[in-house]
Amino acid sequence: MTPDLELESRSHPRIARPPVHAEVAENVWGYRKRLVFMERAIADFFPGREARSIQVLDVGCGNGSQVAVPLASSGFQVMGVDPHLPSIEHAWQLAKDLSNAEFLCGYARDLPPRRVFDVVILSEVLEHLDSPQLALQEGLAHLASHGIVLVTVPNGYGEFEIDSWLFRSLGLAKILELLKNSIRLRGVVRRLRRGGREEFLSTENQECGHVQFFTLSRLRSLFADLSLAVLREGAGSFLCGPMIHHTLAYSNRFVRWNARIADRLPLVLASGWYFALRPKADISDEAGLD
């Protein structure tokens with residue numbers, strides 16, 4: 001269901017062949033894999049459309065570095081909304097050379113009612129909200145007819161949550177800070193990072209933790225309650241979390257394996273999931289036209 005990581009490049013703003021974003025390197029969190037899933041879904045469900053003709057709303061965009069800005073770089077017309085002002089200010093800075101990207105500090109409900117988008121994205125957002133259904137509804141209110149919704153969510157009972165719980169419970173953050181302050185170990189870390197990649201945070205809001213812990217069945221029920229049909233499902237990376245991030249994530253070989261192996265395992269074992277959705281009413285309309 002999920003795409004391969006190797007894609008051909010393109011030299012024009014059509015989306016039949018999604019681009020490889022050199023600025024979005026793969027990492028233990030599967031950021032590049034997630035972006036490729038989104039671009040392939042857009043290409044498949046809007047065949048023949050030029051990127052510049054497609055309006056994208058990124059709800060909870062953070063600083064835009066991992067979704068909104070790369071999509072705008074591909075030529076899509078992108079609007080990012082997020083209630084965290086420092087993240088939005090950073091997003092504007094990252095997109096300063098992109099006339100097709102704009103950002104709003106607020107929520108989807110703050111947009112003009114008549115502003116509609118071909119694609120509505122909620123990426124790594126629902127798990128932070130007390131009312132994920134409301135956030136989806138507010139995004140759907142701005143979805144154009146026959147548009148698609150792209151949702152990515154961590155596995156609430158997967159390796160990421162287990163890894164994170166152990167990291168907190170064992171107090172490893174404090175130990176790691178002490179190790180980083182060691183002059184000898186700083187040199188080791190620098191050498192490791194030359195072989196791997198530095199991580200770039202997707203938001204400046206580090207205080208907003210997970211309050212929802214989703215299973216596949218719960219997510220599918222949530223989508224069904226909103227009359228959304230699942231068009232496509234995909235797996236994120238296999239192993240990701242703070243302990244993996246501070247150890248194996250410095251190995252490019254591990255990062256590549258980690259992204260690929262998740263596609264060969266049952267979906268329930270992935271650390272996160274990707275979904276492409278469409279309102280069932282639109283699908284019924286399309287069937288009636290056949």
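Histidine 146 is partly exposed, at 26% relative accessibility. Histidine 146 belongs to strand β5, and its phi is positive, about 65°, although it is not a glycine. Serine 227 is another non-glycine with a positive phi, about 60°. This serine lies in the loop between α8 and β6, and at 40% relative accessible area serine 227 is partly exposed.

Before going on, a word about the model. It is a predicted one, so local features need pLDDT of at least 70 and side-chain atom pairs count only at pLDDT 80 or more, while totals for chains, interfaces and linings use all residues. Residues are numbered from 1 along each chain as its sequence is written, and side-chain values use heavy atoms, with hydrogens and water left out.

Now find helix α1, which runs over residues 31-45. From its first C-alpha to its last, α1 reaches 22 Å with its 15 residues, close to the 21 Å expected at 1.5 Å a residue.

A salt bridge is a side-chain nitrogen of Lys or Arg within 4 Å of a carboxyl oxygen of Asp or Glu, and the structure holds eight of them. In one, lysine 33 pairs with aspartate 263, with the closest N and O atoms 2.9 Å apart. Because lysine 33 lies in α1 and aspartate 263 in the loop between α10 (252-261) and β7 (272-279), this pair ties together parts that are 230 residues apart in sequence. Lysine 33 is buried at 1% relative accessible area, while aspartate 263 is partly exposed at 33%.

Aspartate 44 makes a salt bridge too, meeting the side chain of arginine 232 at 2.8 Å, N to O. Here the link runs from α1 to strand β6 (residues 228-235), across 188 residues of sequence. Aspartate 44 is partly exposed at 44%, and arginine 232 is buried at 18%.

Arginine 49 is partly exposed at 29%, and aspartate 118 is buried at 14%.

Which charged side chain is buried yet has no salt bridge? Aspartate 82 is one: the nearest side chain of opposite charge, arginine 109, is 12 Å away. (Lys and Arg count as positive, Asp and Glu as negative; His and the chain ends are not counted.) Aspartate 82 is found in strand β2 (residues 77-82). What does its side chain reach instead? It reaches the backbone nitrogen of histidine 84 at 2.9 Å and that of cysteine 61 at 3.5 Å. Not counting residues up to four places away in sequence, aspartate 82 touches several others, including Gly60, Ile88 and Leu104.

Finally, look inside. A nonpolar core is a set of buried Ala, Val, Leu, Ile, Met, Phe, Trp, Tyr and Cys residues joined through side-chain atoms within 4.5 Å. In the largest one, with 30 residues, Leu122, Leu126, Leu136 and Val151 touch the most other members. The elements giving two or more residues to this core are β1, β2, β4, α4 (132-140), β5 (143-154), α8 (216-225), β6 and β7. Valine 151 touches Leu122, Leu126 and Leu136, and its other contacts include Phe223 and Trp273, not counting residues up to four places away in sequence. Apart from this core lies another, of 28 residues, with Ile42, Ala91, Val119 and Ile121 among them.

Notes:
Helices (H or I, at least four residues) and strands (E, at least two) are DSSP runs, numbered from the N terminus. Buried means under 20% relative accessible area, exposed over 50%, partly exposed in between (1.4 Å probe, protein chains only). A polar contact is a pair of N or O atoms within 3.5 Å; within protein, one must be able to donate a hydrogen and the other to accept it, and residues adjacent in sequence count only if both atoms are side-chain atoms. Contact means heavy atoms within 4.5 Å. The expected span of a helix is 1.5 Å times one less than its number of residues.
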